[in-house]
Amino acid sequence: MKFRKPILILILIIFIALAFRIPAVLHSQSFWFDEIVSLEIAQHNIIDSWQYLKWENNPPLHYWFLHWWIELFGESEKALRFSSVLFSLLSIIAIYFLGRKLANKKVGLFASFLLAISSFQIFLSMDARMYPMLLFFAILSCYFFWQILHPFPAKFRESTKFFKRDRRRLNWI
């Protein structure tokens with residue numbers, strides 16, 4: 001039951017985030033200029049989009065993701081904006097795991113709750129832009145950077161001493 005409790009709380013936090021984001025997307029205004037530019041670039045295939053991306057200052061992965069998103073869900077305003085909601089929810093999950101990795105499960109749950117109710121994050125998830133995707137990959141990069149710095153938990157560090165010893169032996173060869 002100890003394993004399930006944080007996961008259940010995280011699911012509850014995700015439902016809270018959905019309760020804020022879905023009405024925000026459904027009652028948002030029509031596209032603004034940057035969203036139209038994103039849609040226009042995403043309508044082209046990946047190879048043809050390069051001619052537009054050389055003038056764009058945003059990462060191309062967002063446009064390529066939107067291209068496949070449009071293929072699956074259409075190019076309506078609501079459909080495009082739900083791609084940002086998806087990455088906003090993935091960011092909440094990622095911040096939980098980052099907080100858990102840096103400190104403990106309570107810190108991860110608290111960080112995910114703060115991200116779920118953040119008005120700025122709700123605002124960003126209302127737009128068909130790359131900001132929620134950028135946040136998601138920034139959190140993932142922090143998580144994996146920390147993973148590289150601290151590859152093993154303390155209880156496994158003692159068992160890896162023989163790897164270090166063997167690595168030193170191989171350096172002599």
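Buried residues make up 34% of the 173 residues in the protein chain. The model is predicted.

View 1. The chain has 10 helices and zero strands, and its pattern along the sequence reads α-α-α-α-α-α-α-α-α-α. Of the contacts with a separation of 6 or more, 71% are between residues 24 or more positions apart. The accessible surface amounts to about 11,400 Å², with 70% of it belonging to carbon and sulfur atoms.

**View 2. A nonpolar patch on the surface.** The patch is formed by F20, F110, F113, L114 and I117, which together have about 450 Å² of accessible area. Helix 6 (residues 105-117) supplies the largest share of the patch, four residues. F113 lies in helix 6. With a relative accessible area of 31%, F113 is partly exposed; patch residues must have over 30%, so F113 at 31% passes that cut-off.

**View 3. The aromatic pair F87 and F137.** The count of aromatic pairs comes to nine. In one of them, F87 and F137 are tilted, at 6.3 Å centre to centre and with 45° between the planes. This pair links distant parts of the chain, 50 residues apart: F87 is in helix 5 (residues 77-102) and F137 is in helix 8 (residues 131-149). F87 counts as buried because its relative accessibility is 9%, under the 20% limit. F137, at 37% relative accessibility, counts as partly exposed.

**View 4. A cluster of aromatic rings.** F87 and F137 also belong to a cluster linked by ring pairs, whose other members are F65, W69, F73 and F136.

Notes: Residues are numbered from 1 along each chain as its sequence is written. This is a predicted model: local features need pLDDT of at least 70, side-chain atom pairs count only at pLDDT 80 or more; totals for chains, interfaces and linings use all residues. Side-chain values use heavy atoms; hydrogens and water are left out. Patches are made of residues with over 30% relative accessible area and no salt bridge: like charges are joined within 9 Å, nonpolar side chains (Val, Leu, Ile, Met, Phe, Trp, Tyr) within 5 Å. Accessible areas come from the Shrake-Rupley method with a 1.4 Å probe; for residues, only the protein chains shown count as cover. A salt bridge is a side-chain nitrogen of Lys or Arg within 4 Å of a carboxyl oxygen of Asp or Glu. Helices (H or I, at least four residues) and strands (E, at least two) are DSSP runs, numbered from the N terminus. Buried means under 20% relative accessible area, exposed over 50%, partly exposed in between (1.4 Å probe, protein chains only). Contact means heavy atoms within 4.5 Å. Rings of Phe, Tyr and Trp (its six-membered ring) pair if their centres lie within 6.5 Å; planes under 30 degrees apart count as stacked, over 60 as edge-to-face and the rest as tilted.
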